Amino acid sequence: YKKRLIAEIADTKPELGASEGEAVTYDAVLDRCVLSMVNEAGKALEEGVVACPEDVDLALVFAAGFAPNRGGLLSYADNRGISGVVTALQDLSQRHGDRYRPSSVLQTMAKDNARVFPERPLFPFSEHKPEPQWQW
């Protein structure tokens, strides 16, 4: 099972944006997964799929296991910084295609230096970075 899993990960390496001999970092995998969900949350807001940002965060707390004291995807974006999220999405979009193009609501918030939840306190943004990095 372990050999098959390693082979499957190796097959996806070009999609992760790493070339032969280059490490695929935890941060790269995290950004590809979480920032695409943050971007979709922004699109859901702008398209009226959800009524308010609190609906998105509440759904992620109850359905996806986000910590209730830290909030969901949009709280994550606030704590990371909307400008930083947009910059990372633009970089991903250049490297991996339009599916990572930042939603217009996120772009507007970044331009205005706004937050999704301005009344909430920010938690220091830090991620647990396990070692070692994956390398082929």
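Predicted model: local features only at pLDDT ≥ 70, side-chain atom pairs only at ≥ 80, totals over all residues.
**Figure 1. The fold of the protein chain.** Six helices and zero strands make up the secondary structure of the protein chain, and the order along the sequence reads α-α-α-α-α-α. Of the 136 residues in the protein chain, 32% are buried. When contacts between residues at least 6 apart in sequence are considered, 66% of them link residues at least 24 apart.

Figure 2. Helix α4 spans residues 73–80 and is mostly covered, with seven of its eight residues buried. These buried residues are L73, L74, S75, Y76, A77, D78 and N79. The elements that cover them include α2 (26–46), α3 (53–64) and α5 (82–96). Just after α4, G81 adopts a positive phi of about 105 degrees.

**Figure 3. Packing of α3 against α4.** The axes of these two helices, α3 and α4, approach within 7 Å and cross at roughly 105 degrees. Angles of 65 to 115 degrees count as roughly perpendicular, and α3 and α4 are therefore assigned to that class. On the α3 side, the contact is formed by P53, V56, D57 and L60, and on the α4 side by L73, L74 and S75. Sorted by class, the residues in the contact of α3 with α4 comprise five nonpolar, one polar and one charged.

**Figure 4. Packing of α4 against α5.** Here the axes of α4 and α5 come within 5 Å, with a crossing angle of roughly 100 degrees. The helices α4 and α5 are therefore roughly perpendicular to each other. Helix α4 contributes A77, D78 and R80 to the contact, while α5 contributes I82, V85 and A88. The contact of α4 with α5 contains four nonpolar residues, no polar residues and two charged residues.

Figure 5. Residue I82 belongs to helix α5. Its relative accessibility is 4%, so I82 counts as buried. Setting aside neighbours within four places in sequence, I82 is in contact with A77, L106, M109, A110, A114 and V116. A77 is also one of the buried residues of α4. The C-alpha atoms of I82 and T108 are separated by 9.6 Å, although these residues stand 26 residues apart along the chain.

Figure 6. The phi of N113 is near 55 degrees, a positive value in a residue other than glycine. With a relative accessibility of 65%, N113 counts as exposed because the threshold for that class is over 50%.

Note on methods: Residues numbered from 1 in each chain as written. Heavy atoms only, no water. Buried < 20%, exposed > 50% of the residue type's maximum accessible area, 1.4 Å probe, protein only. Helix = DSSP H or I, 4+ residues; strand = E, 2+ residues; numbered from the N terminus. Contact = heavy atoms within 4.5 Å. Axes fitted to C-alpha atoms, helices over the stretch in contact; angles between N-to-C directions. Parallel < 35°, antiparallel > 145°, perpendicular 65-115°, else oblique. Nonpolar A, V, L, I, M, F, W, Y, C, P; charged D, E, K, R; others polar.
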